[in-house]
Amino acid sequence: AALVGAVVFRVLDLTAPHAPLPTLEIVLAFVVPFMGYVLAEFLALSGIAAVFITGLLSVHFSHVSMSPHALSAFRQVNATAGFVSESFVFLLLGAAVVFHEHDIDLPLCIISLVACVRRPRPERL
């Protein structure tokens, strides 16, 4: 699965002067990890591990394969997507706290609070 990402970035050689396609570079940077996931699922392997490894290779090869303009835009798109994803997760967690019924275990809450307050302090030099 990781080999798929490495081959796509190497074969296309998007930094060539004849092919300045920043939009294509950004799209490929997002699609390649998904291609690794699909291939791993097809082979009955771990899709999550394939996405992780393909993503790591994509990040490594993007610094040498992508044009500076596309790399800058890719970083901005990644930061925006990360912010939106984190916001959505915390929104769902907040909704779960408000709208679901919870059983509160009072002894566990007290032990947790005491453990947080009585945590070991780091030594000062």
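A helix here is a DSSP run of H or I with at least four residues, numbered from the N terminus. With that in hand, let's walk through this predicted model, beginning at Phe30, which is found in helix α2.

Together with Val27, Val31 and Val77, Phe30 makes a nonpolar surface patch of about 280 Å². Helix α2 gives the most to that patch, contributing three residues.

In soluble globular proteins, nonpolar side chains tend to be buried together. Which residues form the largest nonpolar core in this model? There are six of them: Ile26, Ala29, Met66, Ala70, Leu71 and Phe74. Two elements, α2 (22–42) and α4, each give two or more residues to this core. Of the elements involved, α4 gives the most, with three residues.

Helix α4 deserves a stop of its own. This helix covers residues 68–99, and Pro68 lies in it. Pro68 has a relative accessible area of 68%, so with exposed meaning over 50%, Pro68 is exposed. Where does Pro68 sit relative to Pro22? The two prolines are 46 residues apart in sequence, and their C-alpha atoms are 9.1 Å apart in space.

Technical notes. Residues numbered from 1 in each chain as written. Predicted model: local features only at pLDDT ≥ 70, side-chain atom pairs only at ≥ 80, totals over all residues. Heavy atoms only, no water. Buried < 20%, exposed > 50% of the residue type's maximum accessible area, 1.4 Å probe, protein only. Core = buried A, V, L, I, M, F, W, Y, C linked by side-chain atoms within 4.5 Å. Patch = residues over 30% accessible without salt bridge, like charges linked within 9 Å, V, L, I, M, F, W, Y side chains within 5 Å. Areas by Shrake-Rupley, 256 points an atom, 1.4 Å probe, with all protein chains shown as cover. Salt bridge = Lys/Arg side-chain N within 4 Å of Asp/Glu carboxyl O.
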